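User: I would like to go through the sheet and the charged pairs of this protein. Could we take it step by step?
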Amino acid sequence: MKDLILTIVKPLVDRPEDVHIDIEEGSKGITYKLSVHPEDMGKVIGKQGRVAKSIRTVVYAAAGSSQQKKIFLEIVE
């Protein structure tokens, strides 16, 4: 899942080397925390959050029902 997120996000940003994903596993599910360079934040979120919503849609669809735990994607500063 981490590779999928990186594949989607890196072409969107000007500084792909600053894209990092931290993974936290909890009782509710697995949370992927995406961080990018502050100047690239707007490109990842998009107007009215459309790009972020699209990224989440693809990630959640790829996880599907095959995952035992729920998947979450957070974009952090």
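Predicted model: local features only at pLDDT ≥ 70, side-chain atom pairs only at ≥ 80, totals over all residues.

User: In what order do the strands of the open sheet lie, and what is the pairing?
Analyst: The order is β1-β2-β3, an open sheet of 3 strands with mixed pairing. Strands β1 and β3 are the edges, each pairing on one side only. On average, neighbouring strands of this sheet are turned by 20° against each other, direction ignored.

User: How do β1 and β2 run, and how many bridges join them?
Analyst: Strands β1 (residues 20-25) and β2 run antiparallel and are joined by 6 bridges. The two form a hairpin, with 3 residues between them. As one example of a bridge, D22 is partnered by K33 in β2.

User: Is β2 mostly covered or mostly open?
Analyst: Mostly covered: of the 7 residues in β2 (residues 29-35), 6 are buried.

User: Let me pick T31. Where does it lie?
Analyst: T31 lies in strand β2.

User: Why does T31 count as buried?
Analyst: T31 counts as buried because its relative accessible area is 14%, and the cut-off for buried is under 20%.

User: Which residues does T31 touch?
Analyst: Leaving aside residues up to four places away in sequence, T31 touches D22, I23, E24, F72 and E74.

User: Changing topic: how many salt bridges does the structure hold?
Analyst: The structure holds 5 salt bridges. In general, side chains of opposite charge can pair when their charged atoms come close.

User: Which residue meets E24 in a salt bridge?
Analyst: The side chain of E24 meets that of K33, at 3.6 Å from N to O. E24 itself counts as partly exposed, at 42% relative accessibility.

User: What about E74, which residue does its side chain meet?
Analyst: The side chain of E74 also forms a salt bridge with K33, at 3.8 Å from N to O. Since E74 belongs to strand β3 and K33 to strand β2, this pair ties together parts that are 41 residues apart in sequence. E74 counts as partly exposed, with a relative accessibility of 34%.

User: Which residues do the shared partners join into one network?
Analyst: Salt bridges that share partners join E24, K33 and E74 into one network.

User: Now E25. With which residue does it form a salt bridge?
Analyst: E25 forms a salt bridge with K69, and the closest N and O atoms are 3.8 Å apart. E25 is in strand β1, while K69 is in the loop between α3 (50-63) and β3, so this pair ties together parts that are 44 residues apart in sequence.

User: To close, which strand pairs are tied by the bridges we discussed?
Analyst: Strand β1 is joined to β2 by 6 bridges, and β2 to β3 by 7.

Terms used:
Residues numbered from 1 in each chain as written. Heavy atoms only, no water. Buried < 20%, exposed > 50% of the residue type's maximum accessible area, 1.4 Å probe, protein only. Helix = DSSP H or I, 4+ residues; strand = E, 2+ residues; numbered from the N terminus. Pairing = 2+ DSSP bridges. Contact = heavy atoms within 4.5 Å. Salt bridge = Lys/Arg side-chain N within 4 Å of Asp/Glu carboxyl O. Axes fitted to C-alpha atoms, helices over the stretch in contact; angles between N-to-C directions.
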